[in-house]
Amino acid sequence: MTLSITRVPTHSASRYLQQLAKHWSHKMETSFTEEEGSIAFPNGSSLTMRAASDTLDLELQVPADQASARMRKVVEEHLDRFAFREAPLTFDWREGGTG
């Protein structure tokens, strides 16, 4: 697994977390509260989200045989759609290693 992490500056972190989880809940396994959420993708990837007052922290785990850049782009595009008033959001992904 490849781990990518980013901290997205936004004052609407909780709202975006919940919107993303609800959006994907029709096709994927999701769980969420106002502060935390997780999404399990069919390709074996997983996204963990944590909302603070001014940031949304994302941890994206992607299987080694999958393209992590593609998965990061999918997450970014969906969040930017929900954040249309302040989009594009700032995503500064860092590789967090493999597991």
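Analyst: Helices (H or I, at least four residues) and strands (E, at least two) are DSSP runs, numbered from the N terminus. His23 sits in one of them, helix α1, which covers residues 13-24. Let us start there.

This is a predicted model, where local features need pLDDT of at least 70 and side-chain atom pairs count only at pLDDT 80 or more, while totals for chains, interfaces and linings use all residues. Residues are numbered from 1 along each chain as its sequence is written, and side-chain values use heavy atoms, with hydrogens and water left out.

His23 is partly exposed because its relative accessibility is 36%. (Buried means under 20% relative accessible area, exposed over 50%, partly exposed in between, with a 1.4 Å probe and protein chains only.) Beyond four places in sequence, His23 touches His78 and Phe82. Contact here means heavy atoms within 4.5 Å. Pro9 is another story. It is 14 residues from His23 in sequence, and the two C-alpha atoms are 21 Å apart.

Now move to helix α2, residues 68-82, where Arg72 is found. Leu79 belongs to helix α2 too. Leu79 has a relative accessible area of 0%, so it counts as buried. Its contacts, leaving out neighbours within four places, are Tyr16, Leu20, Leu56, Leu58, Leu89 and Phe91. Phe32 is 47 residues away from Leu79 along the chain, and their C-alpha atoms are 15 Å apart.

Arg72 is also buried, because its relative accessibility is 15%. With neighbours up to four places away set aside, Arg72 meets Ser4, Leu60, Trp93 and Glu95. The side chains of Arg72 and Ser4 form a polar contact at 3.0 Å. (That term means a pair of N or O atoms within 3.5 Å; within protein, one must be able to donate a hydrogen and the other to accept it, and residues adjacent in sequence count only if both atoms are side-chain atoms.)

Next, a loop. Thr33 lies between β2 (29-32) and β3 (36-40). Thr33 counts as partly exposed because its relative accessibility is 43%. A polar atom of the Thr33 side chain lies 3.2 Å from the backbone nitrogen of Glu35. Outside four places in sequence, Thr33 touches Leu17 and Gln18. Ala21 is twelve residues from Thr33 along the chain, with 9.5 Å between their C-alpha atoms.

The protein has two helices and six strands. Their order from the N terminus is β-α-β-β-β-β-α-β. Of the contacts with a separation of 6 or more, 54% join residues 24 or more positions apart.
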